[in-house]
Amino acid sequence: MKRKPVIIDCDPGHDDMVAMVLAIGSEALDVKAVTCVPGNKPLNKVIKNALHVVDYIGSDCIVAGGAESALVNTTSETDISIAFHGESGLDGFEFPEKIDRKPSDKNAIEVVADILRNSKEKVTIIATGPLTNIALIIKALPNLLDKIECISLMGGTCRFLFEKPFMEYNTYTDPEASKIVFESGLPIMMYGYDVTYTALYTNDFINRVESIGNETSKMVAALMRKFMTLHNSAFLDLGGCPVHDACAVAGVIDPTVVIDVRAMNVKIDTKSDYLYGATICDYDNRLKDAKKNANVVFKLDNEKFFNMIYDSVKNLK
Ligand code: BDR
Ligand code: CA
C-alpha cells in the first residue's frame with residue numbers, strides 16, 4: 001500500500017501520544033516528522049515527551065521544536081493542563097530516563113519547509129496542539145502551501161460546551177493563530193469536541209490493548225488509564241474518556257471512519273473578552289455569503305476507530 005505523507009504537529013499530552021502511535025504504527029501513513037508546539041506544556045517539555053514516545057515505540061522520524069509561545073495570547077492555561085495531563089504532560093508511565101535521540105537542529109518551520117519542498121506528493125498536516133506553528137507555516141511559506149493536501153486538526157467545538165462558550169483548549173490557547181489557519185483557504189478537517197466526546201474509550205479497550213503484550217501496548221495502556229482517571233475526575237465522566245487527538249489521525253488513515261461531517265463557515269473570535277478564542281460555527285448554513293472554510297466532523301465509526309488504534313499498537317515494538 002502506498003503510504004500517505006504526513007507531518008504531526010503536537011503538544012504531548014496523553015492523547016497526542018495516542019495520535020502519534022496511531023499514525024506511526026499505521027501502514028497507511030508515512031510520518032515525515034513530529035513537530036512540537038507549546039500547549040499542554042511549555043516547548044522544552046513537549047519536545048522531551050515527543051522524543052520519549054518516538055524513541056520508545058522505535059520510530060526514527062525527525063522531532064523538531066517550533067514556536068516558543070502563542071502568537072499573541074499570554075494567558076497560561078497551566079491549571080487546565082495539569083488537571084488533564086499532570087506535571088510532566090505524560091504522567092502515568094516511566095519512560096527510560098536516557099533518550100538517545102536529539103531534536104533536529106532546525107526549527108519546525110524549516111523542517112516543514114524542507115519536507116514540502118522535497119515531496120512529490122501533497123503532504124497532510126495533522127495538528128493536535130494549539131495552531132501556532134501551523135499559522136507560522138502559513139505566513140512564512142506562501143509558495144509551498146499548494147503542497148499541503150489538508151490540515152486535519154483536533155480543535156474547536158461547534159455545539160459541545162466546555163467551561164466557556166465554544167471554547168476548546170487548542171483553538172483557545174492561540175486564538176490569533178487559529179484565526180490565521182481557519183482563514184487560510186487551505187482544506188480543513190476539524191475534529192472538535194462534538195466528535196471527540198462521542199468516541200470514548202473504556203477500561204475494556206485499555207485491557208484489550210494491554211493484552212497485545214508488546215512494549216508499546218504497556219505504555220499506551222498505562223497512559224490511557226491515567227488520562228481517564230485525570231480527565232474523568234477533573235471534568236466530566238461520561239462513562240468513558242475521549243482520546244481527542246487520535247480522531248484527527250484516524251480520518252487521514254481511512255476517511256470512511258468519518259460518518260458525519262458537514263462543511264460550514266467557522267470563525268474564530270479574537271476581539272471580545274467573553275468569546276476570545278471561540279469557534280463560531282454556522283451549523284445551519286444561515287450565512288449565505290460566508291465561505292464554508294471547514295469540514296466539521298460530528299461522528300466517527302467508533303468500532304473502526306478503536307480497531308485502528310489497536311492495530312497500530314500491535315504493529316509497533
Ligand atoms: C486538546 O487539548 C489538549 O489537552 C489535548 O491534548 C487535546 O489536543 C483537547 O481539547
Ligand atoms: Ca494535544
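This is a predicted model: local features need pLDDT of at least 70, side-chain atom pairs count only at pLDDT 80 or more; totals for chains, interfaces and linings use all residues.
**Entry 1: H1 against H2.** I started with a helix pair, and found that H1 passes H2 in a right-handed crossing. The residues making this contact are Met17, Met20, Val21 and Ile24 on the H1 side, with Val53, Val54 and Ile57 on the H2 side. I sorted them by class and got seven nonpolar, no polar and no charged. H1 covers residues 14–24 and H2 covers residues 43–57; they pack at an angle of about 35°, and their axes are 10 Å apart.

**Entry 2: the whole chain.** Next I stepped back to the overall fold. I find twelve helices and twelve strands in the protein. The C-alpha trace spans about 55 × 45 × 40 Å along its principal axes. I checked the radius of gyration: a compact globule of 317 residues would come in near 20 Å, and the 18 Å of this protein agrees with that. For burial, I noted that 52% of the 317 residues are buried. I also looked at contacts between residues at least 6 apart in sequence, and 84% of these join residues at least 24 apart.

**Entry 3: H11.** Is this helix buried or exposed? H11 runs over residues 244–253, and ten of its ten residues are buried, so the rest of the structure largely encloses it. I wrote down the buried residues by name: His244, Asp245, Ala246, Cys247, Ala248, Val249, Ala250, Gly251, Val252 and Ile253.

**Entry 4: around ligand 1.** Which residues come nearest to ligand 1? From the 13 residues around the ligand, I get Gly13, Asp15, Tyr169, His244 and Asp245. Two of these, His244 and Asp245, I had already listed among the buried residues of H11. By helix, H1, H6 (169–173) and H11 each supply at least two residues of the shell. For the H1–H2 contact I had noted no polar and no charged residues.

**Entry 5: Glu97.** Last stop was a loop residue. I located Glu97 between helix H3 (78–85) and helix H4 (108–118). Glu97 has 6 other C-beta atoms within 10 Å, so I put it down as exposed. I also checked Glu97 against His52: they are 45 residues apart in sequence, and their C-alpha atoms are 8.8 Å apart in space.

Terms used: Residues are numbered from 1 along each chain as its sequence is written. Chains are lettered from A and ligands numbered from 1 in the order in which they are written. Axes are lines fitted to C-alpha atoms, for helices over the stretch in contact, and angles run from 0 to 180 degrees between N-to-C directions. Helices (H or I, at least four residues) and strands (E, at least two) are DSSP runs, numbered from the N terminus. A crossing is left-handed if the near helix is turned anticlockwise from the far one by less than a right angle, and right-handed if clockwise. Two residues are in contact if their C-beta atoms, placed from the backbone, lie within 7 Å. Ala, Val, Leu, Ile, Met, Phe, Trp, Tyr, Cys and Pro count as nonpolar, Asp, Glu, Lys and Arg as charged, and the others, Gly among them, as polar. The radius of gyration is taken over C-alpha atoms; the globule rule is 2.2 Å times the number of residues to the power 0.38. A residue is buried if 20 or more other C-beta atoms lie within 10 Å of its own, exposed if 12 or fewer, and partly exposed in between; C-beta atoms are placed from the backbone. A residue is near a molecule or strand if its C-beta atom, placed from the backbone, lies within 6 Å of it.
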